Amino acid sequence: MPGSAEASPGHRQGKPRSAARAAWIGSALEYYDFFIYGTAAALVFGKVFFPDGNPAAATLDALATFGVGYAARPIGAIVLGHIGDRHGRKRVLLLTVIAMGTATFLVGCLPSYHAIGLAAPILLVCLRLLQGFFAGGEQAAANSATLEHSPDSRRGFFSSFTLIGTQGGQILATAVFLPIAALSDSSLQAWGWRIAFWISALVTVVAFIIRRSLEETPVFQEEVAEGAVERLPIATLLRYHWASTLRVALAALIATASTVFSVWALSFAVDTVGLGKTPMLWTGVLANVLALGTIPLWASLSDRIGRKPVFACGSAGAAIMTFAYLWAIRSGSYPLIFITGIIMFGLAYQAANAVWPSFYGEMFPARVRLSGTALGTQVGFAISGFIPTIIAAWAGAGLGSWVGASVVTAVVCVINIVAVLTARETFRVPTAELGARPGEQALARDTAAP
């Protein structure tokens, strides 16, 4: 990764490589945690943490616990956004990685419903809420830190390493679950699924060590030196930057394509169509492997032609390919499932996914950047996290439910495309002028001048 390029006036050069590395490992842990939970919710939790008798209801309840984690994210975004904009990005980066890793490890230690009754799903929901709370500030802190360490002309590229970490976490989560899923049902439900959650402890230790060595961003250090740190960032955000926050929330609904692919489609394929767990898990692994290459390419393209066209094309492609992927699952053809799934998630969806870390952060000035990015994304992610549950309740559990799931995904993609196309293009805006309201850009230039 190149580490030098021009910086805007007054924007002291940071350490983009170190920031990208720290963002990658933390994001990998976050999404290892979240997607190992999603996989377990689709395949195991209905049988382990809920009473017997109605498998469809148990699956619906298990998917609902997946969505509960997203519900806690906006609250975490407000609290952790305040800490990050008030006390620094690094403090949030360390706090989130410790808390998420601990919560995931403890999920693997929970007794089953048959052992402690109703207390089992209650404890599961509590830990899921804890995961969601701290995840609410994780990516926003990582994105803000990387963006503020990066040169102006490479903000898209370096910020995308947060999402490369996301795909790495999904690959690790799915790869860990592959041999576990091959166990007999009795072994899988009794102890096998727990191994995947205990492994998070190792990732947590590595992530903490890497992040502890990262310096605070030059942008935040300059704010502290100038006495420009906001006392109550959320108040400033909601008063002056509410439109950008709302736009980010609507654009962030693109995460629906990911939750439908990773959670709903897996449950539909295994529980409704009767396909094997292992080939479906391999589809996710291969799509995420492709994403490791496509994310930096899409992000680099956005540094050349702009954030908006890359994001919008990715959303449109994800909507179209969701129809193809879910139809392929309904057909039961594994070759078609592999091809359409890899194109949908590994190629089309990643165009939007690669751009948002820089695009959202560039909508806000530094003094409220973490709060704005965190709150906007987590509101959108919270809605997206409940989409699998909404589809399961509305479209039912029949073979034809794939049509309803595809339509819901397409509608959501149209909404985020409109939000993106009505935003300001930011890829050529100097870092010191990002998020400035009308009339503030000249002031930013004057302040940044030597």
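**Entry 1: the cores**

I began with the largest nonpolar core, which has 114 residues. F45, F177, W193, F311, I329 and Y360 have the most contacts inside it. Helix α1, residues 16–43, gives the most to this core, with 13 residues. Apart from it lies another core, of five residues, including I25, L29, V203 and A207. For my own reference, a nonpolar core is a set of buried Ala, Val, Leu, Ile, Met, Phe, Trp, Tyr and Cys residues joined through side-chain atoms within 4.5 Å. Buried means under 20% relative accessible area, exposed means over 50%, and partly exposed is in between (1.4 Å probe, protein chains only). In soluble globular proteins, nonpolar side chains tend to be buried together.

I noted that this is a predicted model, in which local features need pLDDT of at least 70, side-chain atom pairs count only at pLDDT 80 or more, and totals for chains, interfaces and linings use all residues. Residues are numbered from 1 along each chain as its sequence is written, and side-chain values use heavy atoms, with hydrogens and water left out.

What does I329 touch? Not counting residues up to four places away in sequence, I listed A265, F268, A269, V273, L275, M280 and I337. Contact here means heavy atoms within 4.5 Å.

**Entry 2: the whole chain**

I looked up the secondary structure next. It comes to 21 helices and zero strands. Helices (H or I, at least four residues) and strands (E, at least two) are DSSP runs, numbered from the N terminus. Of the 450 residues, 60% count as buried. Among contacts with a separation of 6 or more, 85% are between residues 24 or more positions apart. The accessible surface is about 15900 Å², and 69% of it belongs to carbon and sulfur atoms. Areas come from the Shrake-Rupley method with a 1.4 Å probe; for residues, only the protein chains shown count as cover.

W242, L246, L250, F323, V403, V407, V411 and I415 make a nonpolar patch of about 660 Å². Patches are made of residues with over 30% relative accessible area and no salt bridge; like charges are joined within 9 Å, and nonpolar side chains (Val, Leu, Ile, Met, Phe, Trp, Tyr) within 5 Å. Helices α14 (242–251) and α20 (401–421) are the elements that give two or more residues to it. α20 gives the most, with four residues. I checked V411, which is in helix α20. V411 counts as partly exposed because its relative accessibility is 45%.

**Entry 3: salt bridges**

How many salt bridges does the structure hold? I found 10. A salt bridge is a side-chain nitrogen of Lys or Arg within 4 Å of a carboxyl oxygen of Asp or Glu.

D85 and R89 meet in one, at 2.8 Å from N to O. D85 is buried, with a relative accessible area of 0%. R89 is also at 0% and counts as buried.

E230 and R367 meet in another, at 3.2 Å. E230 lies in the loop between α12 and α13 (233–240), and R367 in the loop between α18 (334–361) and α19 (369–394), so the pair ties together parts 137 residues apart in sequence. R367 is partly exposed, with a relative accessible area of 22%.

R307 pairs with E362, the closest N and O atoms being 2.7 Å apart. R307 is in helix α17 (residues 307–331) and E362 in the loop between α18 and α19, so this pair ties together parts 55 residues apart in sequence. Both R307 and E362 are buried. Shared partners join D152, R155, D303, R307 and E362 into one network.

**Entry 4: a buried charge without a bridge**

Where is E223? I placed it in helix α12, residues 218–226. E223 is buried yet has no salt bridge. The nearest side chain of opposite charge is R89, 5.1 Å away. Lys and Arg count as positive, Asp and Glu as negative; His and the chain ends are not counted. Beyond four places in sequence, E223 is in contact with A228, V229, A366 and R367.

**Entry 5: around α19**

Is S371 buried or exposed? S371, in helix α19, counts as buried at 3% relative accessibility. Leaving aside neighbours within four places in sequence, S371 is in contact with G81, H82, D85, P233 and L237.

I75 is exposed, with a relative accessible area of 51%. The C-alpha atoms of I75 and Q378 are separated by 8.7 Å, and the two residues are 303 apart along the chain.
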